[in-house]
Amino acid sequence: MTSSQPNSPTLTDPECLFCKIVAGTVPATVVAETPEVIAFRDINPQAPMHVLVVPREHYGDIAQLAAGDPALLAGVVALADEIAGDLADGQFRLIFNSGPHAGQSVFHVHGHVIGGERLGWSPA
Ligand code: AMP
């Protein structure tokens, strides 16, 4: 295997939507990927650029990812930065909803990379 080929994730959940996208059994518009992280367009975009950056390994939320594999979290952030340079002006907001009351609906950690316009601020 070369470094450009995706890793086969060890941590997976057969019921998880984003694990299915990682596996290629559910389609997505992929905009960037590394062996560890995949990025695809949000199906319901909230800004001109709205991409989800997702580690291939299944972690439930950002705290679990940070505790379990901090280097992988750094890889998620690095790919978000790269995408913002490729698809927008390099400036971006990176949002990790954590828990249903915070708006999380898919329980495989993902960062929302949002930008491509001047953003307002109304987090609630
Ligand atoms: P969250 O609510 O923070 O868990 O974010 C989940 C995001 O996944 C939402 O913004 C949805 O629009 C998005 N989403 C749900 N299903 C898909 C899909 N099949 N492909 C791409 N994005 C999706």
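Predicted model: local features only at pLDDT ≥ 70, side-chain atom pairs only at ≥ 80, totals over all residues.
**A tour of pockets and cores**

Sixteen residues, written 16 in the count, line the largest pocket. Select Gln 46, His 50, Ile 95, His 112 and Ile 114, which lie nearest its centre. Next, colour strand 4 (93-95) and strand 5 (111-115); these are the elements that give two or more residues to the lining. The space here is about 430 Å³. Colour the lining by class and you get 6 nonpolar, 7 polar and 3 charged residues.

Now move to the second largest pocket, with a volume of about 170 Å³. Select helix 1 (17-23) and strand 2, the elements that each give two or more residues to this lining. Helix 1 has the largest share, 3 residues. Among the lining residues are Leu 17, Phe 18, Ile 21, Phe 40, Arg 41 and Asp 42. By class, the lining has 9 nonpolar, 1 polar and 2 charged residues.

Then go to the largest nonpolar core, which has 18 residues. Show Ala 39, Val 53, Leu 65 and Ile 83; they touch the most other members. Strand 2 (37-41), strand 3 (49-55) and helix 3 (70-87) are the elements giving two or more residues to this core. The largest share, 7 residues, comes from helix 3.

Centre on Val 53. Leaving aside neighbours within four places in sequence, Val 53 is in contact with residues including Ile 38, Ala 39, Val 76, Ala 80, Ile 83, Leu 94 and Val 113.

Last stop: a second, separate core of 10 residues. Select Cys 16, Phe 18, Ile 21 and Val 22, which are among its members. Phe 18 and Ile 21 also line the second largest pocket.

Technical notes
Residues numbered from 1 in each chain as written. Heavy atoms only, no water. Core = buried A, V, L, I, M, F, W, Y, C linked by side-chain atoms within 4.5 Å. Buried < 20%, exposed > 50% of the residue type's maximum accessible area, 1.4 Å probe, protein only. Helix = DSSP H or I, 4+ residues; strand = E, 2+ residues; numbered from the N terminus. Contact = heavy atoms within 4.5 Å. 1 Å grid on protein atoms, 1.4 Å probe; cavity = no way out; pocket = protein on both sides within 12 Å on 5 of 7 lines; lining within 4 Å. Points joined across faces, edges and corners; volume = space filled by probe spheres on them. Nonpolar A, V, L, I, M, F, W, Y, C, P; charged D, E, K, R; others polar.
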